[in-house]
Amino acid sequence: MFDIDWKGLALPFAYLIVLGGALMTFSTIYRRRKAAESANLAPWFGPHLQRDIYLSLLHLDPEEGAEKAPKVPDGVLRAALLRRAVEDIERLIHIKTAKQACGALLQRGSVGDDLWQRFLRAEKEMEEELRDVVTEANALAPNWGSIIFQSAHEIAANTKLRQRLEEIQAQTDAEKAWWDKKRGQIRADFMKELEESEKGSTKDAHEDDAVVVDSPKK
Amino acid sequence: MSSDYSYDEQGQFFPFFILTVTGLVTFPLTYSLFRKSTDNDALAPRIKSDYTSKHGDVVTSLRAAQKRKQRKIKRVIFVVLGWALMAGMVYLIIVTQTIVPKIWNPYDILGISESFTEKQIKSHYKRLSVKFHPDKVRPDPSKNETLEMLNDRYVELTKAYQALTDEDVRNNYIQYGHPDGKQSFSIGIALPQFIIAEGNGKYLILLYTGLMGILLPYMVGSWWYGTKRMSKEGVLMESANRLFRHYNEEIDEGGIITALSTGKEFEAVLKGDQAESGLSKVESRITAEGESAPFACGFSVKDKEKLEDLDSGVRRKVLALLWAYLGRVELDDPALTKAKFEVGAIARTLNQSFAAIAMAFGSIGPIAGSFKANQHLIQALSPKSSPLLQLPHINDKVAAAIEGDSKSHLSVQQFMDLPDAERRRLAIGKDLLSEDQYKEAISVGKQLPYFRVAKAFFKVTGEKVIIPSSLVTLVIKGRFIPPGTESVPAIDELSLEDIDPAEDDLDALMGRKKKTIKGPDGKPITVEDNSVLPPLTFAPHYARDHSPKWYAFLSDSKQDKMAVPPFTFDKFDQPLFDGEGKPTFNMQTLKAQFAAPPQPGHYTFCMHVVCDSYVGFDTKMEVTLVVEDASKAAQMEAEDEISEPEEDSIAGQMRALKTGQPVGGEPKPRRNKDSSDEESGTDEEEDDTSDTNTDTEDES
């Protein structure tokens, strides 16, 4: 009936096919890349060692030949859970402080979008983790869940303080050596001026040494 | 009447079209290419010194390579192509004959002048019609004439005659320019004929697909991913993300250096087998015992442990090279040496990103650390080394000899302030400096721009007191006094005042680039602000040219938090040095605006003025911001009302808007004398009733 010029129509159809094909290829490649990217996002935190210890204590496999798994004492389990909570508290503090900064930096274009994605995911994981710890704590001892993080926070703060103290204490030897050297030098200079009574004064100075160097522990 | 499109068969118009379009792109590009460089690094004066470090040639070549990289090759090619195309088009325009469409003119056809009267025209026509009537003349074969042509000519003549004599035809002629009435017109398209010629369609479609389907998406895509790839600070997004992950509140300078080594930029420098080659050599060199420090590169045991914890690979080598750069450790290998300097320069760019991250967190420790890291990276100094190493020829040994056995380091200023004889005694000697080297070091020291703050205060432009939430200006007055300058003139008290621009001076009030000085008659006048560049940083080890910048920021010393983010100053309103390189001691004014706190009270801030290029040139001082209650401020102003308000003044209207009061309480335009005693300055007595800092969090 109609005389269709198929040959003439080939070009428009080819155009449509090429256009549609290009758009489809783009969208599939883009989506695949996006998916691969989000799957490959590195976790915000490293492996959670304390959680792994707790879980492996909880699900201890029975030894060969034995029927039942060895019973882990409750105290050990509790200690492991507390350690896990301490680690969680540290991560929680990190997330809390970083959230605002990360958001602001993202808006300004100073950090990338995938960092924010990783951050949001870490935050979500953290929530799950906290909930899990609370239920575990309640299972081990009634109502422990409500106070476990309080104790964990205190432990974390104390550990930090100790670390700082140790760092300062670690400098004692170097400082001591330096002061000794300095004092020795001053003394040598002094000696040159007062050449008469050499031996007596050195001994006295030695006794002084012990008093000055004694740094208060704690 | 017909209107059809005609293409540009003779090629008359499309050269014009293409010339215009190309010109639109090429002219601005050419301008941007040849514009006088506004780059600070190119214009800034240099610190005069003949000193080159041992690897000065490597540093120079790296600087040149960087400059070459910044040259816009693509733009040059584009501009050259544009000009070539334009020249081609101009050539085409010149060689193509233009065809001017003939305008129908009855006088020309009749061969008469326009001054002929109707009578003369009639007689002329009669003569012509006798001569040209087709019945009278025979076609002349020698002129290749036909009967039709003769006919046409006669018709034309008649038409022309009628156009001049007959009423109707004349009307037609006047209205449409032709005795037959409206003529057909054509619309031309400035495209050459060959584009629409039969058979070329498929090429055109190919071209169109190429442009719209491939080139355009590609360019948009590459632009978009380009912007997403780089962070605002000009480092790769990936590097910025890694730096963010390495941030923590307790990070110190060594920690920052370790964090900087994560940058992705380094991977481009240490490609392939360079990634690990020579690592053990670098490590053994930097961990060898140093002259004055336990390690040659000057890092702490903690930093060493951090280095050793890393897997070997690019990152470990980068960190090792970075420490070698900071410790100025000799590596005895051209490739390693080159990489060392390159790594140092890249680390500084990365540090910009780290500074932005630290700023977002707001803790003063890491922020100060990043500023310090910046200074040390530019000067190639390790965090704990002596600032004296900034001077030429001075190495660890000389610095140790100068400082003696002191626990704290001597700053460049302190050293230069010593009397000359004392300096010589300390620095010159066997294994130390020679006379020439000493002179070189001192001459460089006397050219370093050390900004000495004279006064810092807060004020609100045009107001006497600072009311809550107003826009406060922090005014810092100071002079550039190079270390070791003798006979520094006393500060001129007048120069310490900050004068408000006159109220009718709109330009200044709107914050345009002007500054206000006091005129000879005591009235404030506003003069053009000439921006003076400080001399380029003296950094013989840094593989880039860098012009120093100064940052001023306020911190809350009780919470260790940043209160007002840094303001950058890289240009000054008065020359720092005169033509001979002598300091001018001009009073420089630095201004930073921020919003006052919403509650009245006394706020004590710690003001930091930091130079990003020199170690030990920082200033830290306490400033107090006194914010008065708005009602109290209004009362105070009412008290010293002197004369009728000027309702038409801008300040008056602004005041009325701000306070919601009628302009009745508007004080007379202030005289300049007032300004110095009303600002809340550093010299205020400090009764600290600040209510912001009470909730300092306690650990545990």
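Predicted model: local features only at pLDDT ≥ 70, side-chain atom pairs only at ≥ 80, totals over all residues.
Reader: What makes α6(B) and α7(B) roughly antiparallel?

Author: Their axes cross at roughly 170°. Angles over 145 degrees count as roughly antiparallel. The pair, residues 118–132 and residues 147–165 of chain B, is therefore roughly antiparallel. The axes come within 11 Å.

Reader: Which residues of α6(B) and α7(B) meet?

Author: From α6(B) come Glu118(B), Ile121(B), Tyr125(B), Leu128(B), Ser129(B) and Phe132(B). In α7(B) their partners are Arg153(B), Tyr154(B), Leu157(B), Tyr161(B), Leu164(B) and Thr165(B). By class, this contact has eight nonpolar, two polar and two charged residues.

Reader: What is the handedness of the crossing of α17(B) and α18(B)?

Author: The crossing is left-handed.

Reader: How do you know which residues of α17(B) and α18(B) are in contact?

Author: Two residues are in contact if their C-beta atoms lie within 7 Å. On the α17(B) side, the residues that meet α18(B) are Gly344(B), Ala347(B), Arg348(B), Asn351(B), Phe354(B), Ala355(B), Ala358(B), Met359(B) and Phe361(B). α18(B) answers with Pro366(B), Ile367(B), Ser370(B), Ala373(B), Asn374(B), Leu377(B) and Ile378(B). The tally is eleven nonpolar, four polar and one charged.

Reader: What makes α3(A) and α5(A) roughly perpendicular?

Author: Helix α3 (residues 74–108) and helix α5 (residues 148–170) of chain A pack at about 70°, axes 8 Å apart. The range for roughly perpendicular is 65 to 115 degrees. That makes α3(A) roughly perpendicular to α5(A). Leu82(A), Ala85(A), Val86(A), Ile89(A) and Glu90(A) of α3(A) make the contact with α5(A). Among the α5(A) residues involved are Ile148(A), Phe149(A), His153(A) and Ile155(A). By class, the contact of α3(A) with α5(A) has nine nonpolar, two polar and one charged residues.

Reader: How many residues of chain B are in contact with chain A, and which helices supply them?

Author: 17 residues of chain B contact 20 residues of chain A. α11 (237–246) and α17 (334–361) of chain B each supply at least two residues of that side. α17(B) gives the most, with five. The chain B side has seven nonpolar, five polar and five charged residues.

Reader: Where does UniProt place the feature "transmembrane region" in the two chains?

Author: The unreviewed entry for chain B places this feature at residues 12–34, 76–100 and 203–225. For chain A, an unreviewed entry places it at residues 12–30.

Reader: How much helix do these spans have in the model, residues 12–34 of chain B for one?

Author: Residues 12–34 of chain B are 91% helix and 0% strand, with end C-alpha atoms 33 Å apart. Residues 203–225 of chain B are 100% helix and 0% strand, and their ends lie 31 Å apart. Residues 12–30 of chain A are also 100% helix and 0% strand, with 27 Å between the end C-alpha atoms.

Reader: Which domains does the assignment give chain B?

Author: They are domain 1 (3–95), domain 2 (106–178), domain 3 (198–229), domain 4 (237–385) and domain 5 (451–681). The C-alpha centres of domain 3 and domain 4 of chain B lie 43 Å apart.

Notes
Residues numbered from 1 in each chain as written. Chains lettered and ligands numbered in written order. Helix = DSSP H or I, 4+ residues; strand = E, 2+ residues; numbered from the N terminus. Nonpolar A, V, L, I, M, F, W, Y, C, P; charged D, E, K, R; others polar. Axes fitted to C-alpha atoms, helices over the stretch in contact; angles between N-to-C directions. Parallel < 35°, antiparallel > 145°, perpendicular 65-115°, else oblique. UniProt positions renumbered as here; feature names shortened; annotations may be inferred. Domains from an automatic or database assignment. Left-handed = near helix turned anticlockwise from the far one by under 90°.
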